[in-house]
Structure formats: structure tokens, C-alpha cells
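Hi,

Here is the structure I promised to pass on. Have a look at it first, and then read my notes below.

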Amino acid sequence: MTTVLSGYRRITVKIGSALLVDRETGLREAWLATLAEDVARLAGTGAEILLVSSGAIALGRKILGLPPGTLKLEESQAAAAVGQIALARAYSQILDRHGLVAGQILLTLGDTEERRRYLNARATIGTLIGLGAVPVINENDTVATSEIRYGDNDRLAARVATMMSADLLVLLSDIDGLYTAPPAQDPGARHIPLVERITPDIEAMAGGAASEFSRGGMKTKIDAGKIATGGGAAMIITAGNRLHPLAAIERGERATLFLAAETPVTARKRWIAGHLNAAGRLRVDAGAATALRTGKSLLAAGVTAVEGAFARGDTILVVGPQGQEIARGLVAYDADEARQILGKRTPEIEAILGHAPRAAMIHRDDMALAE
């Protein structure tokens, strides 16, 4: 099956540790160079690329000379501290050859699960993309413990893809897709090129981890697929160990494509509309109500009243002059700040609050209009 990646607007690519780091020689620089060429080619077509990269611990343990096998927590964190610097330098240098700037983002579980931190992370990554940089994202293994970690970068990549409204997630791994059974255990296992929907039968096909560097296996990839496709992104699992791994997908090399359930915007806005309790209300004037219905963001100038004790990132209702619900969304200000700036134009807000204003009271990407 051939998939034209340039047809996607925003692509999140997950890179496994075993692809980036060789136990004996360290960083696989030649492979990384071809990945960078693929990224530059896609960026040249207008696609926005986000990289979710494992490899910090694997690279750090090589640099520090730690022995093979399971590391103690403090050893893993020390390896991550060393490896993350080396990994960031490698990405920066290799992307710079193509005129691309790399920006490093380190996340822990709370950064995508807690709404306020989710908004901060989303804003930072979105700004990097808007400035033409390539975000290189990894779990912050130097501080994460079992209670506050994703556990694998497959799920982290899926969270990032949905958070950033990507329309494609590519998992570059050490296996070339989904099989009816783990191929290492069952020689008769058949490759599945297309998954229209993740069913219990599909989940039952998952196996275990394939590498000492990997924290997950096919099960974590299926878990990632449920997150990604449910959030509106298609997903591809393919072997990344060949040179030019993204171009290989377009050449028709073996892979499994999981179809998205819905478009990213629809899925995300349904999540906002149906799964969070409203913590307060903003009443808006008739002009703002009309603007919202045409797809505009809600600016402070159109707000006439603030109700409730909400915090930035909470879901609140937006109601019109007669109290009818117009929308609900993730608010960019705490209730106290919202009360200070209601009715004010954007240039006035910095003087009132003492800091630069947000782009909107509720950005249109964080808002779901009422039916």
C-alpha cells in the first residue's frame, strides 16, 4: 500500500530508540541524516513535522559506559541527562544542514493530562511550528518516575498528535506493521496493510517488546492507535530501520495504515463539547456572538459578564445576550483576570494585567460551537 505523506497537513513522527542508537557504536548518524532529508523534503511541500524521539537513555548509557540490561531508576535518569544533550545536539546539527531549526520539548505525563499544562505545552509547540521550527519531543526521563510517566513514546506520540491536531501519526519501529500474530513466534502470521477500525480482534493480535531499548511492543502501538485515531489522526506503523524511512512509506514499502475515526478538529471539539463539565460562563454581546458563529475566536472586547470561579484551561460556557448557549471551550484566563479585562480591546490588556495578553479569551481551536 502506497501512502503519499505530503497529502497530510501536520505529521507527528515517532522514532524508536533501537533505530537511533546502536548498542556498540552509539548514535546511528547515517540513518538520522536520511530521516532529516525526508523531513526537509516534506517540509518543503508545506507539511508541518513534529518528531517524538526516544533514544536519550540508550545514548546516555553508551556515553557513560553503563552495562547492558535493566538500569536502576537513578541510572536511567542519569543516562537521560547525558543522552538528552547529545540527542538534541545531533538533531540540531542534522536539521540545520537543510535550513531547519530544531526546538527541544521535554514532557511529563501531567503536561498533557492536566488542562492548564496541556494548554501551555500546546501553545509552545504551536508557536515553534508557526515559526517554521521542527519540535523534537521526548519524555523528560531525567525526572519522570513510574507514577508520572507515559511509559513509552508510542503513547506519548499519540498524545502529542491529538494535542496538536495532527492528521497523521507515523510510528517508526523495528517491525513493519501489524500481523495476525507476533511474527517472531508464529511463522504463519499474516501482515495486515489496512485497519479501518481498532476492534477487540485487532487488539488481541498485539505482542510484547522486541528490544532491550524499547519499553513497549505492538500492544503499546495499538494503544497509541486508539488514542490517535479516536482523536482524528490516521496512524502508520512501519519498519524504520531502512534509510529514508518516510520516503520508504511513499515507495510502498510494507506498513500498516490505521484510518482516522474523524477529522482532528471534529474529534477534538467533540471532546470539548461532550466530556468536560463547565466551570463557569462568559456572556457576550451580539457582535461577538455573530463572530463566533462564523468561526472567529472570542476576544475580551466582546465579553459583557463573567460568571463562576474557573481557572485557565477550564471548560466554560459562552452564552449570548439572551442567555442562549453559543459555545463552550477552554478559557485562556482565570476568572479574576477575565473580570478585569472584559470589554477591553487587546492593546489595553497588557497595561491592566501587567503581562502580555493571550491571543484570545477562548481561541477558536479550543472552542466547540453549540448545535
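Let me start with a pair of helices: α3 and α4 are roughly perpendicular to each other, a label used for angles of 65 to 115 degrees. Helices here are DSSP runs of H or I with at least four residues, and strands are runs of E with at least two, numbered from the N terminus. The axes of α3 (residues 56-64) and α4 (residues 73-96) cross at roughly 100 degrees and come within 6 Å. Those axes are lines fitted to C-alpha atoms, for helices over the stretch in contact, with angles running from 0 to 180 degrees between N-to-C directions. On the α3 side the contact (heavy atoms within 4.5 Å) includes Ala-56, Leu-59 and Gly-60, while α4 brings residues including Ala-79, Gly-83 and Leu-87.

Before you go further, note that this is a predicted model, where local features need pLDDT of at least 70 and side-chain atom pairs count only at pLDDT 80 or more, while totals for chains, interfaces and linings use all residues. Residues are numbered from 1 along each chain as its sequence is written, and side-chain values use heavy atoms, with hydrogens and water left out.

Gly-83 is worth a click. This α4 residue touches Ala-56, Leu-59 and Gly-60, not counting residues up to four places away in sequence. Gly-83 counts as buried, at 0% relative accessibility; the cut-off is under 20% relative accessible area, with over 50% called exposed and anything in between partly exposed (1.4 Å probe, protein chains only).

Next, the inside. A nonpolar core is a set of buried Ala, Val, Leu, Ile, Met, Phe, Trp, Tyr and Cys residues joined through side-chain atoms within 4.5 Å. The largest one has 40 residues, of which Ile-11, Ile-15 and Leu-246 touch the most other members. Helix α2 (residues 29-44) gives the most to this core, seven residues. Another core, of 39 residues, lies apart from it and has Leu-107, Leu-128, Met-163 and Ala-368 among its members.

Leu-168 sits in strand β7 (residues 168-173) and is buried, with a relative accessible area of 0%. Beyond its neighbours within four places in sequence, Leu-168 contacts residues including Leu-5, Ile-11 and Ile-236.

Among the buried residues of α6 are Tyr-118, Arg-122 and Leu-128. After α6 comes Gly-132, with a positive phi near 85 degrees.

Cheers

Definitions and conventions
Parallel < 35°, antiparallel > 145°, perpendicular 65-115°, else oblique.
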